[in-house]
Amino acid sequence: ESIPLEEVFEQLKTTRSGLTTDDAELRLTIFGPNKLEEKPENKFLKFLGFMWNPLSWVMEAAAVMALVLANGGGEGPDWQDFVGIICLLLINSTISFIEENNAGNAAQALMARLAPKTKVLRDGQWQEQDAAVLVPGDIISIKLGDIIPADARSICKQGEIEAVVIATGVHSFLGKAAHLVDSTEVVGHFQQVLTAIGNFCICSIAVGMILEIIVMYPIQHRSYRSGINNLLVLLIGGIPIAMPTVLSVTLAIGSHRLSQQGAITKRMTAIEEMAGMDVLCSDKTGTLTLNRLTVDRNLVEVFNPNMDRDFVVLLAARAARLENQDAIDAAIVNMLSDPKEARANITEVHFMPFNPVDKRTAITYIDADGNWWRASKGAPEQILALCQEKDEIAGKVHSIIDKYAERGLRSLAVALQ
């Protein structure tokens with residue numbers, strides 16, 4: 001941060017005009033993609049992992065008992081029980097593995113579709129690219145509300161930032177933090193509950209087997225093989241064999257349904273933890289709606305008798321960017337039959353992008369007759385404060401804003417000077 005910006009450009013071997021496509025591809029092979037490192041998953045070990053829990057341990061102990069301890073009393077191993085137990089373990093693990101694997105594939109497909117985008121300057125032109133292809137030396141554009149895709153040094157502008165990328169992927173601050181998080185093991189509530197159930201079953205079965213051994217051999221003087229058969233019944237019957245499978249399948253189905261609704265589930269046990277929440281806080285626009293802004297031309301209110309709705313929409317489009325647009329600018333410009341109409345027959349002198357202080361954009365331009373004009377769009381309160389007739393129209397303006405708000409609509413004002 002203390003290095004002068006020009007020295008940063010020199011060290012990264014880049015310019016304010018950005019990189020070329022060839023240079024960016026070369027750097028991508030050197031630095032790797034701009035995404036967090038994902039550890040490769042061994043499918044076989046994942047499958048065996050479904051047999052490694054307290055409830056499965058009891059079944060595995062029963063299988064060993066049927067094969068080894070039951071081999072006595074003049075009789076061979078209890079192959080029927082052994083095969084039956086192994087089949088149950090394999091069936092439970094296979095069902096859990098298939099369902100969780102399908103849920104994981106659905107989540108990965110959704111993540112690929114929802115990969116973050118960013119505006120990057122390549123070959124002297126602004127392009128929308130996947131954030132994963134960013135490399136050190138790229139010039140990116142960031143607007144208010146954008147996700148910063150990599151570590152960068154910025155050249156601040158009013159309401160917007162152009163920045164040079166200095167670190168990506170695992171070399172970025174977020175990548176290093178993610179590595180520290182991955183290096184810690186956190187046991188979720190769901191695993192804790194399953195472990196507690198398994199431990200309870202193990203302790204209960206152990207106590208029952210000790211009591212049964214005392215009763216069968218010293219008191220009832222049963223034969224060795226008869227006692228082992230009874231212990232096997234207690235050992236297998238004392239555990240909820242299908243519970244892990246039922247829980248895994250239930251969570252997998254929930255994860256698959258969430259993925260169909262656009263929710264990414266990286267850890268299936270998080271579904272159970274989310275279901276236990278009492279309050280879920282969420283922002284409004286985009287999260288609870290369609291994540292798409294539109295302008296209703298029929299609801300446009302015009303206060304100047306010399307203007308109509310089409311001219312107001314044109315003024316709003318002039319006060320919007322044609323390149324590197326935010327969601328509002330894109331929605332307004334798309335109202336025109338041709339986006340080029342927003343700059344047709346005018347000469348742009350100055351453009352003021354949106355910023356959270358002024359809460360508006362503005363363009364100063366010269367029309368075909370040589371007249372100077374300034375058009376501005378933004379928060380109604382801010383635009384109203386700029387109007388000479390604000391005292392006369394304030395009541396009507398606030399009434400319209402309230403009417404729109406009751407319908408869940410967002411108001412935007414446009415003014416011309």
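Let's start with Ala63. At 4% relative accessibility, Ala63 counts as buried, because the cut-off for buried is under 20%. Keep in mind that this is a predicted model. Ala63 sits in helix 4.

What does Ala63 touch, leaving aside residues up to four places away in sequence? Phe82, Ile85 and Ile86. Now look across to Leu235. Ala63 and Leu235 are 172 residues apart along the chain. Their C-alpha atoms are separated by 9.9 Å.

Leu235 takes us to helix 8, where it is one of the residues that meet helix 4. Two packed helices are described by the angle between their axes and the distance between the axes. Here are both values. Helix 4, residues 54-69, packs against helix 8, residues 224-237, at an angle of about 165°. The axes are 10 Å apart. That angle makes helix 4 roughly antiparallel to helix 8, because the cut-off for that class is over 145 degrees. The crossing of helix 4 past helix 8 is left-handed.

Which residues make this contact? From helix 4, take Val58, Ala61, Ala62, Met65, Ala66 and Leu69. From helix 8, take Tyr224, Ile228, Leu231, Leu232, Leu235 and Ile236. By class, that is 12 nonpolar, no polar and no charged.

Helix 7 covers residues 189-219, and helix 9 covers residues 243-260. Their axes come within 12 Å and cross at roughly 165°. Helix 7 and helix 9 are therefore roughly antiparallel to each other. Left-handed or right-handed, how does helix 7 pass helix 9? Right-handed.

Who meets whom here? Helix 7 brings Phe190, Leu194 and Ile197. Helix 9 brings Met243, Leu247 and Leu251. The contact of helix 7 with helix 9 has six nonpolar residues, with no polar and no charged ones.

Last stop, the strands. Strand 8 is residues 372-378. Strand 9 is residues 413-416. The two strands run antiparallel, and four bridges join them.

Which residues of strand 9 lie on its covered face, and which on its uncovered one? Ala413 and Ala415 are on the covered face. Val414 and Leu416 are on the uncovered face.

Terms used:
Residues are numbered from 1 along each chain as its sequence is written. This is a predicted model: local features need pLDDT of at least 70, side-chain atom pairs count only at pLDDT 80 or more; totals for chains, interfaces and linings use all residues. Side-chain values use heavy atoms; hydrogens and water are left out. Buried means under 20% relative accessible area, exposed over 50%, partly exposed in between (1.4 Å probe, protein chains only). Two strands pair if DSSP finds at least two bridges between them. Axes are lines fitted to C-alpha atoms, for helices over the stretch in contact, and angles run from 0 to 180 degrees between N-to-C directions. Angles under 35 degrees count as roughly parallel, over 145 as roughly antiparallel, 65 to 115 as roughly perpendicular and the rest as oblique. A crossing is left-handed if the near helix is turned anticlockwise from the far one by less than a right angle, and right-handed if clockwise. Contact means heavy atoms within 4.5 Å. Ala, Val, Leu, Ile, Met, Phe, Trp, Tyr, Cys and Pro count as nonpolar, Asp, Glu, Lys and Arg as charged, and the others, Gly among them, as polar.
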